[in-house]
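Hi,

Here is the structure I promised to pass on.

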Amino acid sequence: MASVPLLAACGETADKTAPKLLLEKVWQERLVTPSPALPGRVRLVGDAVVMVDGTGTENARACCFSAADGAQKWMIDGKAPMSVPDLGTVWLCAVGPGFLGNSPTLVQRPTVRPAGDVLPVSVASAPRGTATSGVVGVDVRTGDPVWGFRAVATPSNERTMVTAVAESVVLATVSAPFGPGWPSNAQSATTIALDAKTGAELWRDADVVGVSGDGNAVVVAERATGFWQMEVRDARTGKARWTGTHQSRGPHEHKGTAADHTVLQHADRTDVDVIRLSGGKPLVFDTDSVPAVVASDPPLLVWDNGPAWWAKGPNGFVTQALPEGSPTKGKHRPKGLEFTAAYGVGPYIWGLYQDTQESQANDRLVGTIAVDRTGAPCSPNLQGVTLADVTEKWLVVGRAGYVEVHRITPA
């Protein structure tokens, strides 16, 4: 399962058999740095596509396009400095897993997620080397900076990375060198919570790494003696709602958040938590693999990957309503293909069909597709693409160095 999705909240239809969908490609845009790591770098915001593209500060750009025709609304070019209130001249600093690879030692994404009309982006006072660094809140409609916050005041190799965005709060984590690395035993990390509208500091904690955010809650990893553990906190006060019992020596991964629930996995892959963010209550579920969280009403856990669930239902497709539902088996999967859920939109679950031992290398069933809550296909398959983001109207995928946008309509 992809480690990147923050899932859009949506409603569930009474009829579990969802209508069929048509996909129409409307435009594509070449990436500065071709990469399959699009989730976390591209976000649909209404009828606009917001993207941060590039590697480090040398070639990065933040830009916004019309979803309908690909017309550029605005762009921040990382090759040139920009002027920001309270910060002066700074450079876009696109650090994070979406730009530097998928190593399990990297600090958690997301890189691109607006809070209302504000898109928080990382900046530095120089394009490379030692620099001060911080966060800029950009008006997602115009691309203009509305506030700036300097987190590292003395030039150094540390960088400030936006690691989580809740409804009205931005978490920025400062670590060295250059931001992306999970702190070693000899390093410290500080997470700062900022008001998304004004950039004002709300709280900060040392030896804490921001992991994810949703609604009025955030998830952090807190260093204890010799290990790290997860904690759910009130986004604006930093007060803990739940502290995990699992101990991990390495990074923690956020697998998905939807409708007040989040899935968290520890770096050693042995422990998985499903947490209700409003109260911090852990949920009990019957699986040895990592479920996907798909938004609906009620939200769902979805499994359809790995042999642990082949015996649970046809080809392993199982859904479970949260917080108290029971697992429900889905339909038979063609040729035994497995499905990895990524996003929930209305009655649809978007994700990837994957090869099994029964399928052929040229099997046209393999690709990005929408299914209903029984696992039945509801859209054409898009082969050879990376699923980046999807709403009721638009689908964004990556293909061979391009971002590609499709219009979604009923069949």
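To start with a question: is Tyr353 buried or exposed? Tyr353 is buried, with a relative accessible area of 3%. (Buried means under 20% relative accessible area, exposed means over 50%, and partly exposed is in between, using a 1.4 Å probe and protein chains only.)

Before the rest, some housekeeping. This is a predicted model, where local features need pLDDT of at least 70 and side-chain atom pairs count only at pLDDT 80 or more, while totals for chains, interfaces and linings use all residues. Residues are numbered from 1 along each chain as its sequence is written, and side-chain values use heavy atoms, with hydrogens and water left out.

Aromatic rings

The structure holds 3 aromatic pairs. (Rings of Phe, Tyr and Trp, the last by its six-membered ring, pair if their centres lie within 6.5 Å; planes under 30 degrees apart are stacked, over 60 edge-to-face, and the rest tilted.) One of them is Phe317 with Phe339, a tilted pair at 6.1 Å centre to centre and 50 degrees between the planes. This pair links distant parts of the chain: Phe317 is in the loop between β24 (300-303) and β25 (318-321), Phe339 is in strand β27 (residues 338-345), and they are 22 residues apart. (Strands here are DSSP runs of E, at least two residues long, numbered from the N terminus.) Both Phe317 and Phe339 are buried.

Phe339 also pairs with Tyr353, edge-to-face, at 6.1 Å centre to centre and 85 degrees between the planes. Since Phe339 lies in β27 and Tyr353 in strand β28 (residues 348-354), this pair ties together parts that are 14 residues apart in sequence. The relative accessible area of Phe339 is 1%. Taken together, ring pairs link Phe317, Phe339 and Tyr353 into a cluster.

Salt bridges

A search of the whole structure turns up 16 salt bridges. (That is a side-chain nitrogen of Lys or Arg within 4 Å of a carboxyl oxygen of Asp or Glu.) Among them is Arg233 with Asp205, at 2.6 Å from N to O. This pair also links distant parts of the chain, with Arg233 in strand β17 (residues 227-234) and Asp205 in strand β14 (residues 201-206), 28 residues apart. Arg233 counts as buried at 3% relative accessibility, whereas Asp205 is partly exposed at 29%.

Another is Arg276 with Asp260, at 3.4 Å from N to O. Arg276 lies in strand β21 (residues 272-276) and Asp260 in the loop between β19 (252-258) and β20 (261-266), so the pair ties together parts that are 16 residues apart in sequence. Arg276 is partly exposed, with a relative accessible area of 33%, and Asp260 is partly exposed too, at 23%. As for networks, salt bridges that share partners join Asp205, Glu222, Glu231 and Arg233 into one.

Then there is Asp139 with Arg141, whose side chains meet at 3.0 Å, N to O. Asp139 counts as buried at 13% relative accessibility, while Arg141 counts as exposed at 55%.

Two open sheets

Within it, 2 bridges join the antiparallel strands β7 (residues 88-92) and β8 (residues 118-124). Trp91 stands opposite Ala124 in β8.

Another open sheet has 4 strands, also with antiparallel pairing, in the order β11-β12-β13-β14. Which strands stand at its edges? They are β11 and β14, each with a single partner strand, so one side of each is left without a neighbour in the sheet. Antiparallel β11 and β12 (residues 169-175) are joined by 6 bridges, and the bridge partner of Arg159 in β12 is Ser175.

Strand β11 (residues 159-165) is also the place of Thr163, which is buried with a relative accessible area of 0%. The Thr163 side chain reaches the backbone oxygen of Gly210 at 3.4 Å.

Cheers

Technical notes. Two strands pair if DSSP finds at least two bridges between them. A polar contact is a pair of N or O atoms within 3.5 Å; within protein, one must be able to donate a hydrogen and the other to accept it, and residues adjacent in sequence count only if both atoms are side-chain atoms.
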